Amino acid sequence: MSDAIVIEGLTKYYGPRCVVNTVNLRVPAGCVYGFLGRNGAGKSTLVKMLMGMVQPDAGSSKLLGDDSSSLTPDTRARVAYLAEGHPLYRWMTVAQATRFTQAFYAPERWHGRFLDEILDHFRISPKSKMGRLSNGQRAQVSLALALAPDPELLVLDDPTLGLDTVVRRDFLESMIHLIQRSGRTIFFSSHILSDVERVADRIGILVDGVLRVDCPTDTFKAALRRVVLEFSGSVPRFPDCEGLVSQRQIGNRLEIVVVNYGEVHRELAEQLGAIHVEEVEMNLEDAFISYTRGETRPLPSFDREPLRC
Amino acid sequence: MLKALVWKESRELAPLVALAVIAELMFYFPLNMFISMNMNYSDQGRIPFVSTSLENWLLVVGGATGIALGFWQTAGELSRGTLLFLLHRPVERTTVFTAKLAVGVVLTLLVAGVPILGYALWAATPGTHASPFFWSMTTATWLMWFRLPLFYLGAYLSGLRPGRWLGSRALPLFAAPLLFLLLFIVAYGPLVTVVLTLLVELAYLVAIYLVAQSRDYS
C-alpha cells in the first residue's frame, strides 16, 4: 500500500523556539489518522507545512507523492484542506461560495448534487450569508465544499475547534458518514481525544513539537499503564528508565505512567521501597492526558490535618 | 477560474471603491465646477488643469483608496484567515496574486482616472467655463494619475510582508510617497517619467511576488 502522506525530519522554528522538531511520519493510503496534541503543541504548524502554507526550516513532506512546498494544482485538486476556524468569505452567500469554489475544478471532478445533498442534510439554505451562519454551520459548509471535488486525501486542521458539544458530536457523526469511503485517506488534527477515538485507525501525539506516539489507537491504549506506588515515609523520584512517560507525587503516593510496563519497572519499584504497588489500566483519554501533561509539581495533601469548614 | 478570482476581488473591494467615489462626488467636483464657472480675472488659479487643487484632491482620494485596497487584499485577508482557503484552490499561487494585483491596480486607476476624464470632458465642452482648454493641459495630471499605483503597491507589499515591528513592515508604504515625489521632481518629460514609474512599479511587483512565494501563511 502506498503512503498518502510522507513526512521526513520536518522541523520549524519560530524565532528561537522549535515548534515542530524533526517529525517523521507515514500515513498509508486509506488510513484515518488522528493527530493529537495540546494547544500550542505544533499541530497546526505541521499541518500548514504539509499543505505548503508554511516553509519548513528542515526536512520535507509529500502529499500523494508531490512535494508539499511546491504542490501542483493537480495535487491540490485531489486534496481537501479544512483550515482551522473554517475561514470562508463572510460576505458571500452559500451559493456564491459554491460557485466560486467550483470555478477552480474540472467539471467532471465537481459533484454538485452531492454538495446540495450535504447542505440539505445540514438544513443550510444556499441563500444564507456566510456571515450570518453559526460556527457549526460554517464548519458544515466548509466540509461540503471540501467534499464536492471528491478528494482522495482530506487534511482537517482541528475541524471541531470552537464548536459546542452537541454541534461537535453532530458534525463528527456526519463527517464520519460522509468522508469514509474506501481508499480515501483522512488526516485530522485535534486536541479533543474523544473526537479522534471515534474516527481514527491510527494516532499520532505531538508533545512540544516532538512526535511521541505513532501507532494504532488500540496499541497505544494497551501499552500505557498507570502505576501507583505507596510509601510509608518520604516519596522518592522514580529513576529514569525506558518507557517512563511521567511521574507525579500525590501525598505519600507516586503515580507513574509507563509504556509497556514490565519486569524492569517492577524491580525498580521494589528497590524504591514501595509498601504497595497497584497497576491501573487507563482509558484512552487518561492515557492521552498522561502522555501530554508532562512533569508536574507535587500536589499538596490534606492527609495530615483535618479539613476545617 | 480567473473570472471567479476577478469577481471575488472586485466584489470584495467594491465597498471601498464606493466610499472613494462618494468622497469625490460629494466634496470636490460640485465645488470645483462651481468655482470654475464663477471665477473672475483675479482668480486664474481656478482654470481647469492649471489649478493644482484637482491634483491635490485626487492625490488624497486616489492614494488613500490605493492604500486601503492594498491593505484590505493582504493584511485583511491574512487576518481573516481566508487566504488559506484561497491559496489551497487548485491554481498556481502566482495566478491568485496576479488576479488580486490586477484588480487592485485597475480599481486604483479607475477611482482617480474616471473623475479626471469626466472633469477634462467637462472642461473641453465649450460654454462651461470662461477659460481656455487644450488637452495637453491635462498631461501633468495624467502623469500624476499614472504614479498612483505606487501607493497601492506600497500598501500591498507592507500588508503582505511578515514583520514583527510595524515600522519595518511598513517600509514599502513609507517609500511610496517619497518615490512619488521623486518621480515628480525628476521630470525629464512625459515619456521618461512613464518609463521610470513603470520601473519602480515593476520593482514593487517583483518584491511582492518574491514575498508571496516565500512567506509563511500561518
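This note sets out numbered points on a predicted model with chains A and B.

1. Chain A in outline. Chain A has 309 residues, of which 51% are buried. Its secondary structure amounts to 10 helices and 14 strands. The C-alpha trace of chain A spans about 75 × 50 × 40 Å along its principal axes. Where contacts in chain A join residues at least 6 apart in sequence, 70% of them link residues at least 24 apart.

2. Extent of the interface. The contact between the two chains draws 27 residues from chain A and 28 residues from chain B. Together the chains bury about 2500 Å², and 66% of this area lies on carbon and sulfur atoms. On the side of chain B, three residues deserve attention: B:Phe85, B:His88 and B:Pro90 supply 27% of the area that chain B buries against chain A, more than any other three residues.

3. Polar links across the interface. Between chain B and chain A, 10 residue pairs are in polar contact, counting pairs with both residues at pLDDT 80 or more. The interface also has 1 salt bridge. A:Lys12 and B:Asp216 join their side chains in a salt bridge, with an N to O distance of 2.6 Å. As for the elements involved, the side of chain B that touches chain A receives at least two residues from each of H1, helix H2 (53-80), helix H3 (82-87) and helix H9 (190-214) of chain B. H1(B) gives the most to this side, with 6 residues.

4. An aromatic pair between the chains. Over all chains, the whole structure holds 16 aromatic pairs. A:Trp91 and B:Trp7 form a tilted pair, with 5.6 Å from centre to centre and 55° between the planes. This pair joins two chains, because A:Trp91 lies in the loop between strand S6 (79-82) and helix H3 (94-102) of chain A, while B:Trp7 belongs to helix H1 (residues 2-37) of chain B. Are these two residues buried or exposed? A:Trp91 has a relative accessible area of 16% and is therefore buried, whereas B:Trp7, at 33%, is partly exposed. The threshold behind this reading is that buried means under 20% relative accessible area.

5. The surrounding aromatic cluster. Both tryptophans of the previous point belong to one aromatic cluster, made up of A:Tyr89, A:Trp91, A:Phe100, A:Phe104, B:Trp7 and B:Phe85.

6. A stacked pair within chain B. The ring centres of B:Tyr119 and B:Trp122 are 5.8 Å apart and their planes meet at 10°, so this pair is stacked. Both residues lie in helix H4 (residues 93-124) of chain B, 3 residues apart, or about one turn of the helix. B:Tyr119 and B:Trp122 are both buried.

7. Charges over rings. Chain B has arginines placed over aromatic rings. B:Arg80 lies over the face of B:Trp72, 4.5 Å from the ring centre. The charged end of B:Arg215 sits over the ring of B:Tyr217, at 5.2 Å from its centre.

8. Which residues of chain B are linked in a network of salt bridges? They are B:Lys8, B:Glu9, B:Glu12, B:Glu77 and B:Lys100. The side chains of B:Glu9 and B:Lys100 meet in a salt bridge at 3.2 Å, N to O. Because B:Glu9 lies in helix H1 and B:Lys100 in helix H4 of chain B, the latter pair ties together parts that are 91 residues apart in sequence. B:Lys8 is buried at 0% relative accessible area, B:Glu9 is buried at 1%, and B:Lys100 is buried at 0%.

9. A salt bridge within a helix of chain A. A:Glu263 and A:Arg266 form a salt bridge in which the closest N and O atoms are 3.4 Å apart. The two residues are 3 residues apart in helix H9 (residues 263-271) of chain A, so about one helical turn separates them. A:Glu263 is exposed, with a relative accessible area of 52%, and A:Arg266 is partly exposed, at 31%.

Notes:
Residues numbered from 1 in each chain as written. Chains lettered and ligands numbered in written order. Heavy atoms only, no water. Phe/Tyr/Trp six-rings, centres within 6.5 Å; stacked < 30°, edge-to-face > 60°. Helix = DSSP H or I, 4+ residues; strand = E, 2+ residues; numbered from the N terminus. Buried < 20%, exposed > 50% of the residue type's maximum accessible area, 1.4 Å probe, protein only. Lys NZ or Arg CZ within 6 Å of the ring centre and 35° of its normal. Contact = heavy atoms within 4.5 Å. Buried area = accessible area lost by both parts, 1.4 Å probe. Salt bridge = Lys/Arg side-chain N within 4 Å of Asp/Glu carboxyl O. Polar contact = N/O pair within 3.5 Å; in protein donor to acceptor, adjacent residues only side chain to side chain.
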